[in-house]
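Work through the exercises below with the structure at hand. Try each task before reading its solution.

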Amino acid sequence: MKRIAKFEKVSLKQFTEGWTDTFGKISQEEIKKIYDEIKLPKRATSGSAGYDFFVPAAFTLSPGETVKIPTGVRVWMEPEWVLKCYPRSGLGFKFRLQLNNTVGIIDSDYYYSDNEGQIFAKLTNDSNEGKNVELKAGDGFMQGIFVEYGITLDDDVTEVRNGGFGSTSR
């Protein structure tokens with residue numbers, strides 16, 4: 001098995017910015033408590049391909065509701081690798097919980113962005129059965145799988161990333 005990546009927490013400052021942008025201002029004590037409890041992604045079993053991501057705080061999504069989750073997590077990985085993020089299959093199957101961009105793509109150079117490469121997930125409860133999705137702090141909600149990729153023979157890109165969503169197509 002190739003060992004090609006390492007998960008880390010972003011700084012408290014960066015997490016606070018992401019959290020405040022999504023959920024509004026809360027006390028520094030509350031944000032520090034949430035930050036201190038962040039669990040880094042991990043595999044559940046030795047045969048698991050996916051690394052489970054865990055919600056930093058409890059939330060409930062009613063049918064049709066959306067939430068943007070700052071995970072407080074970043075990932076360093078070898079060049080020529082990508083982290084692909086998907087909803088955990090059980091949540092998708094039971095509740096139709098979906099990532100809004102279908103599959104999240106975390107490129108290796110995202111780690112060096114101004115936002116420290118903090119991974120965000122935007123989720124929607126797409127239930128057509130009226131089911132609420134209730135997650136407690138520390139529950140797994142998304143899984144990431146590392147995939148090696150190649151480039152074309154005539155690729156000569158030298159641009160350097162600085163940003164997240166849509167920053168490489170400007």
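**Exercise 1. A strand pair**

In which sense do strand β6 and strand β11 pair, and over how many bridges?

*Solution.* The model is a predicted one. Start with the two stretches. Strand β6 covers residues 81-87, and strand β11 covers residues 140-148. They pair in the antiparallel sense, over seven bridges. Next, look for facing residues. Trp81 stands opposite Glu148 in β11. Further along, Tyr86 is opposite Gln143 in β11.

**Exercise 2. The core**

How many residues does the largest nonpolar core have, and which of them have the most contacts inside it?

*Solution.* Count first. The largest nonpolar core has 37 residues. Those with the most contacts inside it are Phe53, Leu83, Leu123 and Phe141. In soluble globular proteins, nonpolar side chains tend to be buried together.

Now take Leu83 alone. Set aside its neighbours within four places in sequence. Its contacts then include Phe7, Phe53, Val75, Met77 and Gly104. They also include Ile105, Ile106, Ile119, Gly144, Ile145 and Phe146. Finish with the strand β6: five of its seven residues are buried, so β6 is mostly covered.

**Exercise 3. Ala5**

Is Ala5 buried, partly exposed or exposed?

*Solution.* Locate the residue. Ala5 lies in strand β1, residues 5-9. Then use the cut-offs: buried is under 20% relative accessible area, and exposed is over 50%. Ala5 has 33% relative accessibility, so Ala5 counts as partly exposed.

Look at the surroundings next. Not counting residues up to four places away in sequence, Ala5 touches Val75, Trp76, Met77 and Phe146. Take Met77 from that list. Ala5 and Met77 are 72 residues apart in sequence, but 4.0 Å apart in space, C-alpha to C-alpha.

**Exercise 4. The sheet of three strands**

Which strands make up the open sheet of three, and in what order?

*Solution.* The order is β4-β9-β7, and the pairing is antiparallel. β4 (66-70) and β7 (97-99) stand at the edges. Each has a single partner strand, so one side of each is left without a neighbour in the sheet. From one strand to the next, the twist averages 30°.

Now inspect one pair. β4 and strand β9 (residues 120-125) pair over five bridges in the antiparallel sense. Pro70 has Phe120 as its bridge partner in β9.

**Exercise 5. Two sides of a helix**

Which residues of helix α2 are buried?

*Solution.* Helix α2 covers residues 28-36, and its buried residues are Ile31, Ile34 and Tyr35. They cover an arc of only 100° around the axis, which puts them on the same side of α2. What covers these buried residues includes β1 and α1. Turn to the face away from the buried side. That face carries the exposed residues Glu29 and Lys33.

**Exercise 6. A loop residue**

Where is Ser127 found, and what does its side chain reach?

*Solution.* Ser127 is found in the loop between β9 and β10 (133-135). At 12% relative accessibility, Ser127 counts as buried, because buried means under 20%. Its side chain reaches the backbone nitrogen of Lys131 at 3.1 Å. Leaving out residues up to four places away in sequence, Ser127 touches Pro63, Phe95 and Arg96.

Terms used
Residues are numbered from 1 along each chain as its sequence is written. This is a predicted model: local features need pLDDT of at least 70, side-chain atom pairs count only at pLDDT 80 or more; totals for chains, interfaces and linings use all residues. Side-chain values use heavy atoms; hydrogens and water are left out. A nonpolar core is a set of buried Ala, Val, Leu, Ile, Met, Phe, Trp, Tyr and Cys residues joined through side-chain atoms within 4.5 Å. Buried means under 20% relative accessible area, exposed over 50%, partly exposed in between (1.4 Å probe, protein chains only). Contact means heavy atoms within 4.5 Å. Helices (H or I, at least four residues) and strands (E, at least two) are DSSP runs, numbered from the N terminus. Two strands pair if DSSP finds at least two bridges between them. Axes are lines fitted to C-alpha atoms, for helices over the stretch in contact, and angles run from 0 to 180 degrees between N-to-C directions. The arc is that of the directions from the helix axis to the C-beta atoms. A polar contact is a pair of N or O atoms within 3.5 Å; within protein, one must be able to donate a hydrogen and the other to accept it, and residues adjacent in sequence count only if both atoms are side-chain atoms.
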